[in-house]
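Please keep the coordinates open while reading.

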Amino acid sequence: MASKTDAPTDVPVKKVPLSAEQRQWLERAVSLIDVERMRTFNCAITGIHSPTGEERELSDWLVRHMRELGLEAFSQPLDERSGNAVGRLKGSGGGPSLMLYAPIDTHLRADPDEDVPWIGPELRPDMLPKAYIADNGDVIGLGAANPKGMVTALTEALRCVRLAGVPLRGDLTLAFAGGGMPSTPPKGEARQNHGLSSGVTYMINHGVTADFAIICKPGWAVAWEEVGLCWFKITVRGQMGYAGMTRSFPNFRNAVVHAAKFVLALEEWLPKYQERNTSGLCAPQGAIAAIRGGWPHKPAFPSAATEVYIDMRCSPRTSPAEVKTQFAEAIADILAKHPELSLDWEMIAAYPGSYTDPENWIVHSAMRGWEFVEGTTHHALTGTSGQTDASAIRNLGIPTIRLGYPPVPTIPPKWQGFGGLGVSHIPNLAKVSRALIYAIVDTCTRHRAEVGLG
């Protein structure tokens with residue numbers, strides 16, 4: 001793994017031309033891309049609700065669809081409500097295998113009792129699993145773009161390669177997993193094993209693997225590394241009190257007020273953390289994401305504790321243990337400046353970042369695919385801080401790149417922001433499919449030795 005000082009922020013694309021025959025296969029497959037079919041498929045899967053831990057209906061639907069496409073497809077049930085879907089197009093042998101991957105779970109449950117007001121005053125159409133096609137052709141609905149647009153782009157690429165009769169040497173696998181969101185089940189949930197890449201980890205550990213992988217997530221450039229994440233829970237201590245007497249108690253410690261002091265101090269430190277750990281393509285950020293304290297139904301009694309939850313992203317060159325050390329240093333500094341604070345803290349999640357050597361075949365094949373679509377020189381995106389299943393795939397031994405769609409140009413102004421990731425622009429997805437087809441032809445029609453494999 002590269003050190004912070006030599007981690008590249010861009011690499012020149014190696015020119016490995018396709019043969020005349022490969023070029024014919026590529027052009028034939030690309031010509032078969034059907035945007036109307038993509039739109040219909042995208043709308044269909046968006047209408048199947050699949051929040052984290054509840055993906056089974058969609059995974060089973062995808063298995064049936066892949067079989068209709070002529071793939072050898074099977075499901076991987078994780079339990080009665082969650083599961084993965086896998087489809088294979090077998091090669092003739094002697095070539096490199098390639099996995100095309102996307103998660104299928106959405107970040108919202110679309111339950112007003114759970115999501116409102118935290119997502120805003122109401123659940124908008126792009127936050128609901130009630131898919132429809134807008135007048136401009138966009139697919140609208142929860143997760144229509146991410147992750148279900150990615151599922152659409154991958155599926156169309158493989159469909160076209162198969163229909164074009166591209167003579168693959170290596171196997172081509174479509175892999176869709178649940179449990180991909182950076183989330184964990186609430187305390188009241190009996191099943192505590194969903195989220196933080198649980199589905200793809202299960203998938204690979206149970207035999208679904210490949211020489212290379214491409215994960216589709218937003219971002220119209222090839223990325224060979226991503227951040228991981230570390231979560232911390234801080235409990236700020238105070239005293240239980242009574243609203244009618246808190247000013248009467250000498251040196252009364254209000255846990256909510258003290259938590260506010262802590263939050264402001266930590267917020268001041270977070271940009272320093274990002275600057276210290278920025279390298280390569282990654283600029284890991286941190287976010288103070290949730291605060292919990294007291295009894296909302298009886299505010300007459302200030303509580304003795306307030307909890308603060310923080311997500312710290314970690315560079316591929318910074319281990320979760322090192323992030324924990326840096327966080328401990330920040331806490332010690334805050335307590336030195338604010339001796340009135342009393343707090344405990346713990347790490348509650350650790351998910352390391354990951355890195356694929358940018359000289360690896362799949363990095364350059366994917367970049368050549370990008371250049372095939374755009375007709376210009378590829379340049380990597382830097383300053384990234386988004387965590388994906390790519391880290392789990394790489395950390396389980398598969399060289400992996402990330403490729404996704406460009407910014408959606410048609411999102412209504414009132415829907416700008418993170419929202420429901422629910423505006424899918426099909427022309428964007430078709431661009432991704434074209435780049436994917438190039439990488440498939442460029443990789444899976446060669447002998448293993450041609451791509452650096454024994």
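Two strands are said to pair if DSSP finds at least two bridges between them, and the strands themselves (E, at least two residues), like the helices (H or I, at least four), are DSSP runs numbered from the N terminus. This is a predicted model, in which local features need pLDDT of at least 70 and side-chain atom pairs count only at pLDDT 80 or more, while totals for chains, interfaces and linings use all residues. Residues are numbered from 1 along each chain as its sequence is written, and side-chain values use heavy atoms, with hydrogens and water left out.

An open sheet of six strands runs in the order S1-S2-S6-S3-S7-S14, with mixed pairing. Because strand S1 (72–77) and strand S14 (400–403) stand at the edges and have a single partner strand each, one side of each is left without a neighbour in the sheet. From one strand to the next the twist averages 20°, where axes are lines fitted to C-alpha atoms, for helices over the stretch in contact, and angles run from 0 to 180 degrees between N-to-C directions. S1 pairs with strand S2 (residues 83–89) in the antiparallel sense over six bridges, and Ser 75 stands opposite Ala 85 in S2. Helix H5 (residues 148–163) packs on this sheet, touching S2, strand S3 (98–103), strand S6 (172–177) and strand S7 (212–216), with contact meaning heavy atoms within 4.5 Å; the direction of H5 makes about 160° with that of S6.

Strand S9 (residues 228–237) is mostly covered, nine of its ten residues being buried, that is, under 20% relative accessible area, as against over 50% for exposed and in between for partly exposed (1.4 Å probe, protein chains only). S9 pairs in the antiparallel sense with S11 over ten bridges, where Arg 313 is the bridge partner of Leu 229. S9 also pairs with strand S12 (residues 343–351), again antiparallel, over eight bridges, and there Ile 234 stands opposite Trp 345.

A further open sheet has three strands in the order S4-S5-S15, with antiparallel pairing. Strand S4 (132–133) and strand S15 (423–424) stand at its edges with a single partner strand each, so one side of each is left without a neighbour in the sheet. Strand S5 (residues 139–140) and S15 pair over two bridges, and Ile 140 stands opposite Val 423.

Finally, the surface: Trp 295, in the loop between strand S10 (286–293) and strand S11 (305–314), is partly exposed, with a relative accessible area of 33%.
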